[in-house]
Amino acid sequence: MFKRKDLLGLKDLTAAEIELLLDTAVPMKEIITRPIKKVPTLRGRTVVNLFYENSTRTRGSFELAAKYLSADSINISSSSSSVAKGESLYDTARTLQALRADVIILRHPMAGAPHLLAGAVPAAVINAGDGAHEHPSQALLDLFTVREHRGEISGLRVVIVGDILHSRVARSDIWGFTKLGAEVRVCGPPTLIPPGLEQAGIKVFHRMEEALVDADVIIMLRIQKERQQQGLFPSLREYARMYGLNRERLALARKDVLVMHPGPMNRGVEITADIAGGPRAVIEEQVTNGVAVRMALLYLLAGGGAGHENDH
Amino acid sequence: MKMIIKGGRVLDPASGRDEVTDLYICDGLISDKFEADAGTAIVDASGQLVMPGLIDMHVHLREPGYEYKETIATGTAAAVRGGFTGVACMPNTNPVADNRYVVEFIRKRAAEAGQAGVYPVGAITRGSRGKEMAELADMRDAGAVAFSDDGHPVMEAGTMRLAMQYCKMLGAVIISHCEDKTLAAGGVMHEGYYSTILGLKGIPASAEEIMVSREIILAAETGCPVHIAHISTAGSVALVREAKKRGIPVTAEATPHHFTLTDRAVAGYNTAAKVNPPLRGEADVQAVREGLADNTIDAIATDHAPHAFDEKNVEFDLAPFGMVGLETAVGLVWTELVHTGILTPLQAAAKLSLNPARILGLKRGTLAMGTAADITIIDPGLEETVDPEKFTSKGKNTPFAGRRLKGLPVMTIVAGEIKYRR
């Protein structure tokens with residue numbers, strides 16, 4: 001059973017815990033393929049989406065996951081709440097606790113914010129992305145998607161391409177895939193690769209032609225235009241030329257390679273349109289699976305099958 | 001008022017004296033031997049270390065302007081509880097100590113508090129904004145012992161060069177917080193494996209080392225003594241070692257946290273471990289220890305930086321840099337450096353008293369006859385677990401809570417008066 005109060009990242013999870021989360025998502029996916037996509041599992045539970053950053057897909061995904069499980073959910077975003085008045089995260093957390101939230105889903109621009117929240121409230125806290133730290137539910141849906149196609153993660157070669165330095169998706173994917181036995185490679189310009197990855201067992205590449213050889217999974221990251229203005233690479237044109245996924249590069253990977261992207265995509269920059277819409281891409285499946293994985297998370301953390309009591 | 005400290009192991013780094021003997025104090029001064037009479041206080045120091053009063057050459061007392069973090073009264077009370085008879089306070093108050101009136105105010109408040117001696121450090125530039133020079137000579141006359149834009153490093157080499165030329169005339173040392181802001185830009189911890197896995201922006205070692213190089217080059221050129229504050233990287237230690245060999249007037253200090261903790265202490269987003277310069281890697285900690293042992297690093301200073309609880313109970317990026325240090329320094333020096341054989345007790349005493357006094361030009365740090373009786377007594381075997389709630393400082397922001405320390409101050413005497421007794 002899943003014994004944790006919170007899900008703050010994948011780094012501290014065991015392989016068995018990750019497997020449990022993925023296994024739990026299987027019946028959840030079955031629920032969302034039914035004509036009536038609703039079960040009463042979390043009736044009477046309250047889920048708060050606390051979003052300090054804009055997000056369409058993650059927030060929508062968590063919101064639907066809560067609704068499909070019959071939880072009551074509300075959304076609080078930084079533009080419409082006391083956040084704009086300068087209330088501290090700690091005080092916001094205490095307020096949500098006083099409102100009797102059972103689960104708080106937090107998206108925040110600063111790494112570690114979910115840790116602060118989790119320490120301040122007895123409610124379960126799910127990290128929906130914190131700065132450049134982790135985005136565990138995204139990695140779980142990536143793992144789920146790969147497992148659906150390939151049955152097993154162990155022994156696969158996974159290549160993550162792009163802005164590793166600022167990517168919370170990359171970090172969560174690194175932990176998730178390595179814990180389940182995959183080989184993880186990262187590829188990007190040296191200015192977008194953080195130090196010390198080798199210490200986590202990651203192989204670092206700067207040339208896609210080398211990184212992609214015999215890849216089973218390619219995860220393309222979104223490149224943000226601000227990074228060019230920060231001087232981290234010379235131009236989007238040059239970036240696309242060196243790190244864009246095109247047909248020639250895709251041909252270096254295994255024939256049954258899965259191409260993934262956490263979205264939103266910059267078509268024509270990190271990925272060409274024909275690949276994004278092509279047979280190897282599983283980008284839309286990732287979105288569907290995201291709901292299933294998040295239902296599993298809510299179920300395990302909000303009481304469904306949890307081994308702990310959310311006592312108030 | 002007479003006092004005899006009996007039977008302690010007396011450590012006087014200025015003379016190299018290290019012997020079990022008695023120490024005589026009369027009218028606030030170290031005195032010749034005299035016969036005890038009814039009015040003579042007797043202090044039994046057997047089994048304890050008796051040394052010149054410790055001087056912390058790098059603290060933030062927060063007054064004026066940030067009295068909710070610390071005041072001169074609470075900070076100096078924390079100092080004597082930590083075994084320090086004197087502290088040099090940095091000018092980043094509000095208003096900034098960039099003129100004689102703030103310097104005079106600090107000295108007046110310190111005299112009123114009547115605890116540890118307070119030696120104000122004046123700002124190098126007006127408002128510590130790194131542009132025009134502050135009135136350095138006027139501040140010097142008012143009692144500023146050194147000059148620094150601590151926390152707001154002077155980024156332009158041209159400005160620093162002028163300040164050094166001017167300070168050379170005044171015979172005052174420049175204390176440099178070495179940080180190239182274009183390299184540190186927005187960083188909140190050491191750049192390395194831990195910044196990567198925590199997703200926090202790193203401050204590379206080069207941010208410090210480039211500025212250490214610059215200060216050494218300017219000190220060599222101008223002849224102005226420069227003191228490197230809170231040295232934290234292996235590269236910086238090597239630069240200072242090399243500069244000293246070449247006879248350049250450079251000195252350096254290290255903090256207890258930089259010789260004890262690594263960047264690993266930040267894991268879990270512990271804002272108590274957020275400090276600038278940041279906690280570095282294993283090799284850096286080792287290099288700082290070696291630098292202390294071979295006297296490349298002259299002094300141990302705390303960079304005592306109290307903050308309010310709410311200021312640190314926020315997202316890591318938003319928390320202010322800094323940790324308190326006055327009340328854990330002696331315990332950390334003895335636990336980490338003396339009991340481990342890295343420093344002799346005499347060396348530790350020198351780095352905590354004589355050397356800071358010499359760098360700042362103070363007539364302190366010795367047990368010579370006729371000097372002010374500032375004395376610290378340490379029990380090297382006494383153990384305690386750090387409990388921030390027991391601190392006298394308003395700041396409880398320490399990463400050492402719960403740590404077992406061995407070797408603690410038991411008495412602090414300022415000008416012949418017992419200010420702290422355990």
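User: Accessible areas come from the Shrake-Rupley method with a 1.4 Å probe, and for residues only the protein chains shown count as cover. What percentage of the accessible surface of chain A belongs to carbon and sulfur atoms?

Analyst: This is a predicted model, in which local features need pLDDT of at least 70, side-chain atom pairs count only at pLDDT 80 or more, and totals for chains, interfaces and linings use all residues; side-chain values use heavy atoms, leaving out hydrogens and water. Residues are numbered from 1 along each chain as its sequence is written, while chains are lettered from A and ligands numbered from 1 in the order in which they are written. The accessible surface of chain A comes to about 12600 Å², and the part belonging to carbon and sulfur atoms is 50%.

User: What radius of gyration does chain B have, beside that of a compact globule?

Analyst: The radius is taken over C-alpha atoms, and the globule rule is 2.2 Å times the number of residues to the power 0.38. For 422 residues that rule gives a value near 22 Å, and chain B agrees with it, having 20 Å.

User: How many helices and strands does chain B have?

Analyst: Helices (H or I, at least four residues) and strands (E, at least two) are DSSP runs, numbered from the N terminus. The C-alpha atoms of chain B fill a box of roughly 65 × 45 × 45 Å along the principal axes. Within chain B there are 13 helices and 18 strands.

User: Is Met57(B) buried or exposed?

Analyst: Met57(B) sits in strand S6, residues 54–59 of chain B. Leaving out residues up to four places away in sequence, Met57(B) touches several others, including Ala88(B), Met90(B), His227(B) and Glu253(B), where contact means heavy atoms within 4.5 Å. Buried means under 20% relative accessible area, exposed over 50% and partly exposed in between (1.4 Å probe, protein chains only). Because its relative accessible area is 0%, Met57(B) is buried.

User: How many residues of helix H12 in chain B are buried?

Analyst: H12 covers residues 329–338 of chain B and is mostly covered. Among its buried residues are Trp334(B), Thr335(B) and Glu336(B). The count of buried residues in H12 is 10 of 10.

User: Which residues of chain B lose the most area to chain A?

Analyst: At this interface, 15 residues of chain B are in contact with 21 residues of chain A. The buried area, meaning the accessible area (1.4 Å probe) that two parts lose on being put together, summed over both, is about 1500 Å², with carbon and sulfur atoms giving 65%. Together making up 40% of what the chain B side buries, the residues that lose the most are Tyr193(B), Thr196(B) and Glu315(B).

User: Is His230(B) buried or exposed?

Analyst: His230(B) has a positive phi of about 25° although it is not a glycine. Its place is the loop between strand S13 (226–228) and helix H8 (234–245) of chain B. Because its relative accessibility is 1%, His230(B) counts as buried.

User: What is the relative accessible area of Asn295(B)?

Analyst: Asn295(B), another residue other than glycine with a positive phi, has a value near 65°. It is found in the loop between H10 and strand S15 (299–300) of chain B. Asn295(B) is partly exposed, because its relative accessible area is 39%.
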